Amino acid sequence: MCDLVARTGRHQQRYEDGRRLVAGCIPFRYRANNDETSGDEQKKVVEVLMINSQSGPGLLFPKGGWENDETVEQAAAREAIEEAGVRGDIVQFLGFYDFKSKTHQDACCPEGMCRAAVFALHVKEELASWPEQSTRRRTWMTLPEATSQCRYQWMQEALLTGFSDWHDKWSKGGCGGGGGGGDAV
C-alpha cells in the first residue's frame with residue numbers, strides 16, 4: 001500500500017496568458033555499457049524513464065499541473081513521484097515547451113493551451129509503491145528508444161533539443177546550459 005497520495009483537482013492550478021502551467025521532468029540514470037566493442041574504458045549509458053499514457057498508445061515523461069503552493073521544481077519532482085514512482089535530484093532546467101491539451105480544457109484555459117517547464121531529474125531512488133502505480137507502467141530505455149516511443153512531438157523535442165543537448169555538454173564537463181525553449185524559469 002502506498003502512503004503517498006496524488007494531488008487532484010484544479011483549485012490550486014497556475015495559469016499565465018491563457019495557458020495552464022505544467023511542470024515535468026525527464027528522469028535519467030546511468031547503467032554500465034556491457035558492449036565488448038566499447039574498448040578498455042568502461043562507458044556508462046544514459047537511460048531515461050518513460051511511463052505509459054492513460055489515454056492511448058505511446059510513452060510519456062512525468063508531468064502535471066504546477067500549483068500555487070509550490071515552486072516549479074517542486075511540482076516537477078512531485079509529478080515524478082506520483083506518476084513514475086521515482087525520487088532524485090533536479091539537475092537542470094531544459095526549457096519551456098508549449099502544447100495543446102485535448103483533455104484539459106477549462107474556464108481558465110478554454111483552448112487547452114499549456115506551457116510545460118521541463119527539467120532533467122537524476123534518479124536516486126525507485127519506489128516500490130507510488131500513487132499512480134495501478135495505472136502506470138514505467139520503462140527505462142536508451143535515448144534512441146525513447147525518441148521512437150515518445151507519444152507527443154513536444155516531449156520528443158524536449159528529449160532531443162533539451163535533454164540530449166544538455167547532457168552531451170554536461171557529460172563532457174561543459175557548463176550544461178539549458179536547451180529547448182531556452183527561457184529562464
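Residues are numbered from 1 along each chain as its sequence is written, and side-chain values use heavy atoms, with hydrogens and water left out. Because the model is predicted, local features need pLDDT of at least 70 and side-chain atom pairs count only at pLDDT 80 or more, while totals for chains, interfaces and linings use all residues.

The protein chain contains three helices and eight strands. Helices (H or I, at least four residues) and strands (E, at least two) are DSSP runs, numbered from the N terminus. Read from the N terminus on, the elements follow the order β-β-β-β-β-α-β-β-β-α-α. The chain has 185 residues, and 46% of them are buried. Here, buried means under 20% relative accessible area, exposed means over 50%, and partly exposed lies in between (1.4 Å probe, protein chains only).

Helix α1 covers residues 72-84. The expected span of a helix is 1.5 Å times one less than its number of residues. For the 13 residues of α1 this gives 18 Å, and the end C-alpha atoms are 18 Å apart, so the two values agree. The helix is mostly covered, with ten of its 13 residues buried. Among them are Val 72, Ala 75, Ala 76 and Ile 81. Charged residues are also on the list, including Arg 78, Glu 79, Glu 82 and Glu 83.

Aromatic contacts come next. A pair of aromatic rings is described by the distance of the centres and the angle of the planes. Rings of Phe, Tyr and Trp (its six-membered ring) pair if their centres lie within 6.5 Å; planes under 30 degrees apart count as stacked, over 60 as edge-to-face and the rest as tilted. The structure holds nine such pairs. One of them joins Phe 28 and Trp 170. Phe 28 lies in strand β2 (residues 19-32) and Trp 170 in helix α3 (residues 153-171), so the pair ties together parts that are 142 residues apart in sequence. Phe 28 is buried, at 0% relative accessible area. Trp 170 is partly exposed, at 34%. Both residues belong to a cluster linked by ring pairs, together with Tyr 30, Phe 163 and Trp 166.

Phe 93 and Phe 96 also pair. Their ring centres are 5.2 Å apart and their planes stand at 65°, so this pair is edge-to-face. Phe 93 is buried at 14% relative accessibility, and Phe 96 is buried at 16%. Phe 96 has a further contact: the charged end of Arg 115 sits over its ring, 5.1 Å from the centre. For this contact, NZ of Lys or CZ of Arg must be within 6 Å of the ring centre and within 35 degrees of the ring normal.

The model has one cavity of 30 Å³ or more. A cavity is a set of points on a 1 Å grid over the protein atoms alone where a 1.4 Å probe fits but cannot get out; lining residues have an atom within 4 Å of a point. Grid points are joined across faces, edges and corners, and the volume is the space filled by probe spheres set on the points. The largest cavity holds about 60 Å³. Its lining includes Gly 24, Cys 25, Ile 26, Trp 154 and Met 155. Strand β2 and helix α3 each supply at least two lining residues. By type, the lining divides into eight nonpolar residues, one polar and one charged. Ala, Val, Leu, Ile, Met, Phe, Trp, Tyr, Cys and Pro count as nonpolar, Asp, Glu, Lys and Arg as charged, and the others, Gly among them, as polar.

Several loop residues complete the picture. Glu 67 is in the loop between β5 and α1 and is buried at 10% relative accessible area. Its C-alpha atom is 4.6 Å from that of Gln 13, although the two are 54 residues apart along the chain. Glu 70 is found in the loop between β5 (63-65) and α1. Glu 70 is buried too, at 7%. Leu 127 lies in the loop between β7 (113-126) and β8 (138-142) and counts as buried at 8%. Leu 127 and Gly 85 are 42 residues apart in sequence but 5.1 Å apart in space, C-alpha to C-alpha. Asp 17, in the loop between β1 (15-16) and β2, is exposed at 68%. Its phi is near 50°, a positive value in a residue other than glycine.

Methods:
On a 1 Å grid over the protein atoms alone, a cavity is a set of points where a 1.4 Å probe fits but cannot get out, and a pocket is an open set with protein on both sides within 12 Å along at least five of seven lines; lining residues have an atom within 4 Å of a point.
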